[in-house]
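Student: Can you walk me through this structure? I'd like the sheet, then the helices.
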Amino acid sequence: RSQVVFAMTNGLYERQVARNPETHLVRNGADFAHFSHTNGTAPEVGALSGPVIGFAGNLTAEKVDLDLLEAAARMRPDWSFVLVGPPAENARAGLRRLEGLGNVHVLGFRPYDELPAYVSGFSVGVIPYRSTAYTRNCSPLKVFEYLAAGKAVVASGVPELGGMEPDVALADGAEAFVAAVESALAADSSDAV
């Protein structure tokens, strides 16, 4: 019954245009100025040792692959993993398990105005999503926020981000995810940024 429909991923667009020819693909974006200009790094992140592998977003068990994060944190105990965002009730047990590792830091909710100071401290921005029908049809806003901040991105479970290489690396499984983060860490020249 809608006169106009907007979809932000190819999968959603293809499904909806069959129902309504007035469907339009409109991709996500980010406030470039907000994330590209910061007044420094948040002290909580700046004080961490080793490369900082960071995620900023809602921490829900349906979306975030907590098992992948745990495996990656165990594989690289010299990396600091930072999770910024409100934890959903269904993710709390998994997040407590992650915090027990020592190199995982669950910082909780931070206001939007403060997010650039956290993202600026990330060595690599990650989107460790589970592969589900939902994530296969989502376009995370955070990928554009990370890119606006000059960060390389490693993602899992989000095929919609395919084609954004080399700025976004897609990796399934802990070993591939860690390898992609290592490649991103190695490509930190000003030309790469």
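Tutor: A definition to start: two strands pair if DSSP finds at least two bridges between them. Helices (H or I, at least four residues) and strands (E, at least two) are DSSP runs, numbered from the N terminus. This is a predicted model: local features need pLDDT of at least 70, side-chain atom pairs count only at pLDDT 80 or more, and totals for chains, interfaces and linings use all residues. Residues are numbered from 1 along each chain as its sequence is written, and side-chain values use heavy atoms, with hydrogens and water left out.

Student: Fine. Which residue stands opposite Val154?
Tutor: Ala169 in E8. E7 and strand E8 (residues 168-170) pair in the parallel sense over 3 bridges.

Student: And what pairs with E7 over 4 bridges?
Tutor: Strand E6 (residues 124-128), also in the parallel sense. Gly125 stands opposite Val153 in E7. Pro128 faces Ser156 of E7 in the pairing.

Student: How does the chain get from E6 to E7?
Tutor: Through helix H7 (residues 141-148), in a right-handed β-α-β crossover. Right-handed means that, with the strands pointing away from the viewer, the path from the first strand over the helix to the second runs clockwise.

Student: Where does H7 lie?
Tutor: Across strand E3 (52-56), E6, E7 and E8. H7 runs at about 175° to E6. Axes are lines fitted to C-alpha atoms, for helices over the stretch in contact, and angles run from 0 to 180 degrees between N-to-C directions. Contact means heavy atoms within 4.5 Å.

Student: Are the faces of E7 buried or exposed?
Tutor: Buried on both sides. Val153 and Ala155 cover one side of E7 (residues 153-156), Val154 and Ser156 the other. Buried is under 20% relative accessible area, exposed over 50%, partly exposed in between (1.4 Å probe, protein chains only).

Student: Zoom out. What is the strand order in the open sheet?
Tutor: E5-E4-E3-E6-E7-E8, 6 strands with parallel pairing. Strand E5 (104-108) and E8 are the edges, each pairing on one side only. Neighbouring strands are turned by 25° against each other on average, direction ignored.

Student: Now E3. How many of its residues are buried?
Tutor: 5 of its 5. Val52, Gly54 and Ala56 are on one side, Ile53 and Phe55 on the other.

Student: Why does Val52 count as buried?
Tutor: Because its relative accessibility is 4%. Leaving aside neighbours within four places in sequence, Val52 has contacts that include Val45, Ser80, Val82 and Phe122. Val52 and Phe122 are 70 residues apart in sequence, yet 5.0 Å apart in space, C-alpha to C-alpha.

Student: What does Ile53 stand opposite in E4?
Tutor: Phe81. E3 and strand E4 (residues 80-84) pair in the parallel sense over 5 bridges. In E6, Ile53 stands opposite Val124. E3, H4 and E4 form a right-handed β-α-β unit.

Student: Helices, then. At what angle do H4 and H5 pack?
Tutor: About 5°, with the axes of H4 (residues 66-75) and H5 (residues 92-99) 10 Å apart. They are therefore roughly parallel to each other. Angles under 35 degrees count as roughly parallel, over 145 as roughly antiparallel, 65 to 115 as roughly perpendicular and the rest as oblique.

Student: Which residues make the contact?
Tutor: Leu66, Asp67, Leu69 and Glu70 of H4, with Gly94, Leu95, Arg97 and Leu98 of H5.

Student: One last thing. Where is Pro166?
Tutor: In the loop between E7 and E8. The peptide bond from Glu165 to Pro166 is cis, with omega near 10°.
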